Amino acid sequence: MAELLDRFVCVRMVAANGMDLSIFQFEYNLTWAAMFLNADGTIYGRYGTLSRQDRDHAILSLAGFGKALEAVLELHGAYPGNKAALAGKKGPAPRFPTPEGYSDLKPYVKPIDTSSEGKAETTCLHCHYVEKSEYKSIRSARKPIPDEALWAFPMPETVGLTLDEDRRATVKSVAPGSAAAKAGIKAGDEIVSLDGQPLVSIADVQWVLHRAKDGGTLKAELRRGGAAQSLTLSLPKGWRRSVIGGVGHAAGTWVFRPISDAEDLSPDERKKRNLPYPAIAILIKWPDFGLLRDDVIVEIEGRKSGLSVDDFLAYVAQKKMPGDPIPAVVLRGGKRVEVQLKAR
Amino acid sequence: MIGRTAALGMGLLCLAFSGPAQDPGEALRKVLKDDEVRGPWIYNDLAKGFSEARSSGKPLLVVFR
């Protein structure tokens with residue numbers, strides 16, 4: 001690894017103050033993330049994402065990162081002959097050139113205060129502030145937050161692909177009936193490029209999915225048993241709306257959510273409380289907004305079924321404006337209690 | 001997952017590199033007690049990173065904390 005890293009100029013960014021958002025577009029709710037670039041700003045690839053604790057397998061690994069480094073060196077060696085293929089790795093023009101363009105982030109224009117750890121912490125602009133401020137901008141304009149923002153950087157599992165975290169973009173398994181299965185992708189396939197973009201990591205797959213359109217198609221170039229294969233991945237309408245890497249985990253949801261930390265009741269808990277699926281059963285884990293810990297939301301605006309936590313948050317983000325009342329019913333100590341939630 | 005993630009971050013930043021140490025963000029690194037950073041990592045200075053990439057011909061790796 002040291003030999004590989006020696007072939008790069010390595011920069012550790014600890015704050016997003018002044019970050020060029022035209023180049024640095026990545027999963028801002030990151031656990032660990034990296035971008036690889038040419039000195040002229042051309043993006044070779046991305047690595048890393050939000051690593052959720054409820055996933056059943058890891059998404060980040062030193063082995064996988066090493067494979068990404070090797071892949072980037074190959075791309076760098078072929079540059080600028082491959083410049084056209086890399087064009088899609090740069091995103092659209094951002095709303096603002098830097099995070100400080102957002103009105104609530106203007107105070108971060110001042111340099112980071114290094115006089116004490118506390119002052120440094122409060123003057124460092126965190127990456128996830130960018131998403132939060134983007135949501136705030138949309139809400140202030142009283143517009144719905146679009147699917148592409150709510151379900152940003154979809155995990156490959158959203159289209160039925162589980163990829164090997166120790167390789168670039170090699171398929172571990174394909175979910176039956178999924179978009180990937182229908183495309184003919186199989187376990188063991190190495191996805192070389194997606195939508196014409198050479199892949200260095202799972203994060204690169206997420207980037208392509210992040211930019212993909214509803215109802216669109218993506219061309220996948222694979223290596224299968226040493227031979228090249230070309231397949232087409234069709235993305236049905238609403239494909240992005242998946243609980244995998246869903247809405248609820250994102251820091252930005254605190255801009256609009258009318259409830260605090262919450263989760264869907266487990267099957268066992270549903271059984272205990274006689275709330276069989278698809279009954280609404282949203283467990284409040286943290287008291288706030290007039291709700292108590294262990295309240296279970298069972299009715300929202302008269303609706304009693306078919307809404308998970310993610311569905312509810314997406315509903316608020318897209319169908320409710322700040323200040324809109326949301327009447328609901330919770331189970332509290334075994335009794336039904338009417339409450340008045342409010343979209344923010 | 002968190003353990004592996006921490007191992008990834010620590011593992012990368014604690015690797016010994018060839019060449020002299022460079023740390024233009026020394027004041028920030030010290031105040032944040034970012035002691036795990038060793039070797040010639042450029043600290044929180046993208047402009048310097050791009051400049052070195054131009055002069056060396058190497059690609060850039062930018063890691064976000």
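Student: Which residues of helix 10 of chain A are buried?

Tutor: A residue counts as buried if 20 or more other C-beta atoms, placed from the backbone, lie within 10 Å of its own. In this predicted model, local features need pLDDT of at least 70, side-chain atom pairs count only at pLDDT 80 or more, and totals for chains, interfaces and linings use all residues. Residues are numbered from 1 along each chain as its sequence is written, with chains lettered from A and ligands numbered from 1 in the order in which they are written. Helix 10 (residues 309-319) of chain A has V309(A), D310(A), F312(A), L313(A), A314(A), V316(A) and A317(A) buried. Helices (H or I, at least four residues) and strands (E, at least two) are DSSP runs, numbered from the N terminus.

Student: What covers the buried residues of helix 10 of chain A?

Tutor: Contact requires C-beta atoms, placed from the backbone, within 7 Å. The cover includes helix 6 (147-150), strand 10 (262-264), strand 11 (282-284) and strand 12 (296-300) of chain A.

Student: In what order do the five strands of the open sheet run?

Tutor: Strands of a sheet pair through backbone hydrogen bonds, either parallel or antiparallel. Here pairing requires at least two DSSP bridges between two strands. The order is 3(A)-2(A)-2(B)-1(A)-1(B), with mixed pairing. Strand 3 (43-49) of chain A and strand 1 (42-43) of chain B are the edge strands, each pairing on one side only.

Student: How many bridges join strand 1 of chain A to strand 2 of chain B?

Tutor: Five bridges join these parallel strands, residues 9-13 of chain A and residues 60-64 of chain B. V62(B) is the bridge partner of V11(A).

Terms used:
Buried ≥ 20, exposed ≤ 12 C-beta atoms within 10 Å, placed from the backbone. Contact = placed C-beta atoms within 7 Å.
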